[in-house]
Amino acid sequence: MSQAFYIEQTPPAKRTDCHQSDPAAIIKQLYDSETFRLLAQVVVGRLSDHLEQVQSRNGKVMTARPPRLNLLDARAWLDAATAATPSDARTLADRAGTMIDDLLANSQRLHHPGYIGHQLAPPLPLAAVFELAAALVNQGMAIYELGPWTTAVEKAMVERLGEQLGFVPGSFSGLVTSGGTLANLTALIAARNKLLGDAWSQGLTGLETKPVVITHMESHYSIARAAGIIGLGAEQCLYVASDAAGRTDPQALADLLDDLKRRAVPVIAVVASAGATRTGSFDPLPAIADLCEHHGIWLHVDAAHGGAVSFSKAHRHLIEGIERADSVIWDAHKMLFVPTLSTYLFYKNPRNKYLAFSQDAPFLFVEDSDDAHEFDCGLATAECTKRAAALSLWAVMSLYGGSVYETLIDRICEITALFVAKLAAIEQVEMPVEPQFNIVLFRYVPERPDIDVDAYNKALRAFIVEDGSLYLTTTTYRGALYLRFVVMNPLSNETEVEALIEALTTFAARHDGDGDAAFAAERTGQSHLKV
Ligand SMILES: *Cc1c(COP(=O)(O)O)cnc(C)c1O
């Protein structure tokens with residue numbers, strides 16, 4: 001928002017917060033342990049009440065007000081700050097509590113069982129508590145000394161999750177980074193450096209033919225973005241045709257690889273999807289790995305969303321062959337239910353961990369004896385200072401064991417199957433790809449031939465979200481608009497399934513007649529709801 005906006009709309013209050021009377025008292029209060037205890041009690045109390053309310057389906061899932069209203073209120077808190085910072089901890093904590101109320105009232109309610117929107121997990125409250133602890137000790141992570149315990153925790157988690165995927169214990173490496181986007185980028189930098197030797201120091205010079213990255217038709221945009229960032233050019237991403245289920249077609253990939261070989265086009269990597277973002281499709285990894293091995297090409301598997309099926313005996317077949325990949329990414333903040341951002345990147349060949357950033361920062365990384373560098377996270381990540389992003393997952397898995405994720409993933413799949421069965425029973429419902437995990441695309445195709453099906457489904461989505469018991473999104477797939485939902489909450493159940501079916505029926509009944517105002521408004525683009 002432009003500065004001009006506030007000046008016109010809300011003249012800032014006279015600022016008085018810079019001449020606070022007693023600096024020593026302020027500093028004492030800022031770091032006072034008893035004040036912290038009280039603040040935390042008030043805030044955690046609010047959060048617990050929120051969980052109780054939201055999980056019992058009180059109120060709407062989606063509470064977003066127009067952005068400018070939120071901006072005005074957020075700004076008002078700043079402008080209300082005065083020198084009269086409460087000197088007693090109680091008043092301070094009360095005010096903090098009210099600020100938390102604003103946060104809770106105006107945030108997406110991921111813990112509401114009706115939240116079937118984006119691929120964002122309702123974090124396990126236990127994990128949130130460990131995030132608070134991590135924030136307070138604030139370990140820097142770039143080198144071992146900046147986070148001795150949290151570095152060990154991170155390495156233990158890399159070992160544990162890599163073994164879960166099927167890599168041979170002791171023979172692979174990995175790291176934790178801030179998000180799948182950065183992890184995909186890091187892996188592709190490593191693959192580029194592997195293929196193009198001195199690209200790190202020299203850049204992409206002297207190449208007769210521009211290299212390419214081959215990727216899944218629906219790969220996450222971070223792949224094309226990485227191709228741009230690493231100097232290939234985003235248009236050097238080649239998308240392989242997929243089959244009716246949205247999986248990369250191995251024959252199409254084989255033909256493409258043969259063709260590129262004939263034309264001597266260097267291939268940096270083949271990127272396969274283990275849970276494609278839009279459709280949730282899982283690629284046939286064994287067939288893709290065979291082709292990559294045959295051609296000597298780096299295989300990168302984007303399992304940001306789907307890595308967690310490795311915990312489930314019933315569903316791990318979806319990622320069969322993943323341990324043959326040269327690199328794999330896995331977002332813990334998606335299907336491992338921890339707060340953002342926490343992503344794992346694995347390399348089958350442990351030495352490749354140092355391939356991406358073969359750069360020295362001598363002031364940090366002192367070359368000493370044995371394998372000390374193994375514990376300096378910053379050697380393998382784009383980041384220097386980094387969050388202790390493995391702590392909360394380590395806590396969950398240390399307290400409950402890995403089997404807790406089998407329980408959660410199996411439950412997620414069970415609810416998804418229930419949704420899918422009920423939807424499939426409705427004649428007018430069309431699902432363009434058979435859901436393999438927890439991402440579902442569908443649309444309602446009314447019998448009336450004069451109806452614009454895309455507009456109908458857009459209006460249907462607005463109707464569902466405004467009603468408030470569910471929140472889902474839309475997407476386009478192969479040129480048509482679909483409703484898309486992702487079952488992320490293990491507490492979703494038949495209530496949500498029935499609410500969706502009921503919404504479809506109610507909406508259809510309304511539009512069986514001669515259309516109504518809401519639909520007409522949507523068709524002319526007047527709804528305020530962003531799709
Ligand atoms: C979410 C996602 C990403 C991006 O991860 P972020 O953590 O959001 O940066 C990449 N690939 C896939 C398949 C994803 O689902």
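This is a predicted model: local features need pLDDT of at least 70, side-chain atom pairs count only at pLDDT 80 or more; totals for chains, interfaces and linings use all residues.
I started with the record: UniProt, in an unreviewed entry, lists Lys 334 for "modified residue: N6-(pyridoxal phosphate)lysine".

Where does Lys 334 sit? I found Lys 334 in the loop between strand E6, residues 327–331, and strand E7, residues 343–347.

Next I checked cover: is Lys 334 buried or exposed? Its relative accessible area comes out at 13%, and the cut-off for buried is under 20%, so Lys 334 counts as buried.

Then I looked up which residues Lys 334 touches, leaving out those up to four places away in sequence. I got Gln 119, Ala 121, Ala 304, His 305 and Met 488.

I zoomed out to the whole chain. I noted 17 helices and 11 strands in the protein chain. The chain has 531 residues, and 49% of them count as buried.

Last, the surface. The protein chain exposes about 24,900 Å², with carbon and sulfur atoms supplying 56% of that. I looked for a nonpolar patch on the surface and noted one formed by Ile 27, Leu 30 and Tyr 31. Together these three residues have about 420 Å² of accessible area. I placed Ile 27 in helix H2, which covers residues 23–30.

Terms used:
Residues are numbered from 1 along each chain as its sequence is written. Side-chain values use heavy atoms; hydrogens and water are left out. UniProt positions are given in the numbering used here, feature names are shortened, and annotations may be inferred rather than shown by experiment. Helices (H or I, at least four residues) and strands (E, at least two) are DSSP runs, numbered from the N terminus. Buried means under 20% relative accessible area, exposed over 50%, partly exposed in between (1.4 Å probe, protein chains only). Contact means heavy atoms within 4.5 Å. Accessible areas come from the Shrake-Rupley method with a 1.4 Å probe; for residues, only the protein chains shown count as cover. Patches are made of residues with over 30% relative accessible area and no salt bridge: like charges are joined within 9 Å, nonpolar side chains (Val, Leu, Ile, Met, Phe, Trp, Tyr) within 5 Å. A salt bridge is a side-chain nitrogen of Lys or Arg within 4 Å of a carboxyl oxygen of Asp or Glu.
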